[in-house]
Amino acid sequence: MEQQRASARLRIVLGHLGDPSAGALVASPTSGPIAPASFHPQQFQYTLDNDVLSLEQRKFYEENGFLVIKNLVSDADIQRFRVEFEKICREESKPVGLMVMRDVSIAKSEYSPSEKTISKIQDFQEDKELFRFCTLPEILKYVECFTGPNIMAMHTMLINKPPDTGKKTSRHPLHQDLHYFPFRPSNRIVCAWTAMEHIDRKNGCLVVLPGTHKGCLKPHDYPQWEGGVNAMFHGIQDYDKDHARVHLVMEKGDTVFFHPLLIHGSGRNQTQGFRKAISCHFASADCHYIDVKGTIQENIGKEVVRIADRLYGTKSGLNLKDIWMFRARLVKGERITL
């Protein structure tokens, strides 16, 4: 029944796309230096007027491109997300459209229905329990400060960073999330990334390059790592290696909001435990899609379509816009042009 509902939704989306009258989708860091606030309120461009962020928080995000809010998501909610993730790992729950990813260092012969073989799940918009994360009022009240009142949930993930096998494949290369997104404007997109347990440099916390959200989107591709690279783990090919870095040590429930042009990544997990985090990228419903053909995003666009074709069995029946239309969900306000 679940499969039928999702298939029906996909057909509706594709039908909508074929209709010529249809519109397009139109806290503090814990280490490292940060940029000082050096502007006046009228110069705000990455945040919107709101009564949630303090002036200092707003200035911090404007200058650095990220903001950590401590203890935002409750232990009870995080436990519910953990339980649902474990059900998915045991194949007791099979949300339609979900992408299950495994670390490249794990041999296929070792695959088993267990969280020990799954490093990440993506696109859980059809899983009611996990998707609750994207609708939590405590999350959305901050998201609105960046996107405005009409909010779409565009991309969902639960990351289960495994203990590194010694090949360093558990690390994530430095990248900009906008590389993956064929919609704009970038300033009305934000990620909410919540730690599901204590996260530090030992188990592979996020590392960010403050202020890099003010730059442009850079070319990305697979890094030439000896031990191998996980699928779609593209990295920036050219960046300032001397740029200051901040490692975000976070406690369970802490949430970092960051801009899609912020350069960030994560180190390898040097512990014996699995490091979990749940995230969603949100965008204003006023955003519009762009054609990535002929741009520096064309490589990832083609890869996303190939993977979606395998997942949905569509045999090149989808394009990049189809895929994002299928993922998108209105979580607050009104649907504008999507």
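Biologist: How many helices and strands are there in the chain?
Modeller: Bear in mind that this is a predicted model. The chain has seven helices and 16 strands.

Biologist: What share of the residues is buried?
Modeller: Of the 338 residues in the chain, 56% are buried. The chain exposes about 15,100 Å², and 50% of that comes from carbon and sulfur atoms.

Biologist: Which residues touch the most other members in the largest nonpolar core?
Modeller: Phe133, Ile139, Trp193, Phe257 and Phe282 do, in a core of 57 residues. Helix H5, residues 137–147, gives the most to this core, with six residues.

Biologist: What does Ile139 touch?
Modeller: Leaving out residues up to four places away in sequence, Ile139 touches Leu72, Val73, Phe133, Ala192, Thr194, Thr255, Phe257 and Phe282. Another core, of 24 residues, lies apart from the largest one, and its members include Tyr180, Phe183, Ile189 and Ala308.

Biologist: Switching to cavities. What is the volume of the second largest cavity, and which residues line it?
Modeller: Its volume is about 50 Å³. The lining consists of Met99, Asp123, Val304, Ala308, Leu311, Tyr312, Ile323 and Arg327.

Biologist: Which elements give two or more residues to that lining?
Modeller: Helix H6 (298–312) and helix H7 (320–327). H6 gives the most, with four residues.

Biologist: And how many of the lining residues are nonpolar, polar or charged?
Modeller: Six are nonpolar and two are charged, with no polar ones.

How values were computed
Residues numbered from 1 in each chain as written. Predicted model: local features only at pLDDT ≥ 70, side-chain atom pairs only at ≥ 80, totals over all residues. Heavy atoms only, no water. Buried < 20%, exposed > 50% of the residue type's maximum accessible area, 1.4 Å probe, protein only. Areas by Shrake-Rupley, 256 points an atom, 1.4 Å probe, with all protein chains shown as cover. Core = buried A, V, L, I, M, F, W, Y, C linked by side-chain atoms within 4.5 Å. Contact = heavy atoms within 4.5 Å. 1 Å grid on protein atoms, 1.4 Å probe; cavity = no way out; pocket = protein on both sides within 12 Å on 5 of 7 lines; lining within 4 Å. Points joined across faces, edges and corners; volume = space filled by probe spheres on them. Nonpolar A, V, L, I, M, F, W, Y, C, P; charged D, E, K, R; others polar.
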